[in-house]
Amino acid sequence: MALNGCFGCGNCVAVCRRHALALVDGCVQMINLRLCEGCKQCFGACPVGAVGVVLNDRGHARHAWVRARSRYM
């Protein structure tokens, strides 16, 4: 698995049943923590492992990120 960052395939957006992710300018750049329930479906859907979420003690998202694609690739 290459860890080069999001390339905008949209797999994570498609599997998110709470619509917490959005594609912005061809890359997932927005994660709404209020909507994220911590199911981690986006982890499995991302072919490059670009999505990350840290959960709190109740299993809800406390912090989330999407690793952006490097412009030097």
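A cavity is a set of points on a 1 Å grid over the protein atoms alone where a 1.4 Å probe fits but cannot get out, and its lining residues have an atom within 4 Å of a point. For linings, Ala, Val, Leu, Ile, Met, Phe, Trp, Tyr, Cys and Pro count as nonpolar, Asp, Glu, Lys and Arg as charged, and the others, Gly among them, as polar.

The model is predicted: local features need pLDDT of at least 70, side-chain atom pairs count only at pLDDT 80 or more, and totals for chains, interfaces and linings use all residues. Residues are numbered from 1 along each chain as its sequence is written, and side-chain values use heavy atoms, with hydrogens and water left out.

**View 1. The largest cavity.** A search of the whole structure finds 2 cavities of 30 Å³ or more. The largest holds about 150 Å³ of space; a volume is the space filled by probe spheres set on the points, with grid points joined across faces, edges and corners. Its lining has 16 residues, and Cys16, Ala20, Cys36, Cys39 and Cys42 lie nearest the centre. Helix 1 (11–15) and helix 2 (41–45) are the elements that give two or more residues to this lining. Helices (H or I, at least four residues) and strands (E, at least two) are DSSP runs, numbered from the N terminus. By type, the lining has 10 nonpolar, 2 polar and 4 charged residues.

**View 2. The second largest cavity.** Its volume is about 70 Å³. Among its lining residues are Cys6, Phe7, Asn11, Cys12, Val28 and Val51. This lining divides into 9 nonpolar, 3 polar and no charged residues.

**View 3. The salt bridge.** The whole structure has 1 salt bridge (a side-chain nitrogen of Lys or Arg within 4 Å of a carboxyl oxygen of Asp or Glu). Glu37 and Arg17 form it, at 2.7 Å, N to O. The pair links distant parts of the chain, 20 residues apart: Glu37 is in the loop between strand 2 (27–31) and helix 2, and Arg17 in the loop between helix 1 and strand 1 (21–24). Glu37 is partly exposed, at 29% relative accessible area. Arg17 is exposed, at 56%. Buried means under 20%, exposed over 50%, and partly exposed in between (1.4 Å probe, protein chains only).

**View 4. The largest nonpolar core.** A nonpolar core is a set of buried Ala, Val, Leu, Ile, Met, Phe, Trp, Tyr and Cys residues joined through side-chain atoms within 4.5 Å. The largest has 17 residues, of which Cys12 and Leu21 touch the most other members. Strand 2 gives the most, with 3 residues.

Key:
1 Å grid on protein atoms, 1.4 Å probe; cavity = no way out; pocket = protein on both sides within 12 Å on 5 of 7 lines; lining within 4 Å.
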